[in-house]
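Let's take a walk through this model, one part at a time. Have the viewer open and follow along.

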Amino acid sequence: MTTVLCYGDSNTYGYSPRTGLRYPSDVRWTGRLQTLLGDEYKVIEEGCNGRTTIYDDPIEGWKNGRDYLKPCLNSHKPVDLVVLMLGSNDLKEVFHLSAKEIAAGAEKLVEDIEEFTSEKQGFVPEIILVSPPEIGEGIKTSTFYGSFLEGAIDRSKEFPMYYGEVAEKHGCIFVNAAEHIKPSEVDSLHLDPEAHAKLAEVLATCIKER
């Protein structure tokens, strides 16, 4: 059986922009991915609302993605494949980060995966590095406006270039989510069910064809 660890933020957790609650398993892209891949795969959901790449939120510091990554890898080893989709929350105004700096944070996570798994499980899993979806044009009317300002839109559009460079450098499989999905018009940040379904299809194809 191939173990697939999906490590991400609220769009991996399955946050619904309409209710603020969690989508059911069969709606979340992770749950759909499990169905599409079948019994030969075990898909592990590790999404956390507000999770960053490597930065401590001044209010919710426990959402630093780097802090939990190694314990997570160790708990689920052996891990054969990691789907890594983080960076959207790094666009929050409090961090003042460029897209290049955010991609550098994602690279630190890739390096941690490589080094830690090499030591703890004896091999490095394949890594699918996903450049996160863009921030929607309607962010100014979103309930998350203030945390995210208009400048986050343009910076999110730069993700594919910098994430692609990281993926090429480390031999990761690269997926540009923005080519396939957009955030919901409800909050310009989180995915609607249709986007979850599409992302699952893209990743399933990517995994099967790797």
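Start at Y55, which has a relative accessibility of 23% and so counts as partly exposed. Keep in mind that what you're looking at is a predicted model. Now look for F95: its relative accessibility is 13%, under the 20% cut-off, so F95 is buried.

These two residues belong together. Four aromatic pairs turn up in the count. Y55 is in the loop between β2 (41–47) and α3 (65–76), while F95 is in the loop between β3 and α4, so the pair ties together parts 40 residues apart in sequence.

With 61% relative accessibility, H96 counts as exposed. S188 has a positive phi too, near 60°, and is likewise a residue other than glycine. You'll find S188 in the loop between β5 and α7 (193–209). Is S188 buried or exposed? At 4% relative accessibility, S188 counts as buried.

P78 belongs to the loop between α3 and β3.

On to the strands. In β4 (residues 126–131), five of the six residues are buried, so the strand is largely enclosed by the rest of the structure. Strand β3 (residues 81–85) runs parallel to β4, and four bridges join them. L84 has L129 in β4 as its bridge partner. To get from β3 to β4, the chain passes through helix α4 (residues 99–120), and this β-α-β crossover is right-handed. β4 also pairs with strand β5 (residues 173–176), again in the parallel sense and over four bridges. There, S131 stands opposite N176 in β5.

Searching the whole structure gives one cavity of 30 Å³ or more, and the volume of the largest cavity is about 30 Å³. Which residues line the largest cavity? They are D9, S10, N11, S88, N89, F148 and L189. By type, that lining splits into four polar residues, two nonpolar and one charged.

Conventions
Residues numbered from 1 in each chain as written. Predicted model: local features only at pLDDT ≥ 70, side-chain atom pairs only at ≥ 80, totals over all residues. Heavy atoms only, no water. 1 Å grid on protein atoms, 1.4 Å probe; cavity = no way out; pocket = protein on both sides within 12 Å on 5 of 7 lines; lining within 4 Å. Points joined across faces, edges and corners; volume = space filled by probe spheres on them. Nonpolar A, V, L, I, M, F, W, Y, C, P; charged D, E, K, R; others polar. Buried < 20%, exposed > 50% of the residue type's maximum accessible area, 1.4 Å probe, protein only. Helix = DSSP H or I, 4+ residues; strand = E, 2+ residues; numbered from the N terminus. Pairing = 2+ DSSP bridges. Right-handed = clockwise from strand over helix to strand, strands pointing away. Phe/Tyr/Trp six-rings, centres within 6.5 Å; stacked < 30°, edge-to-face > 60°.
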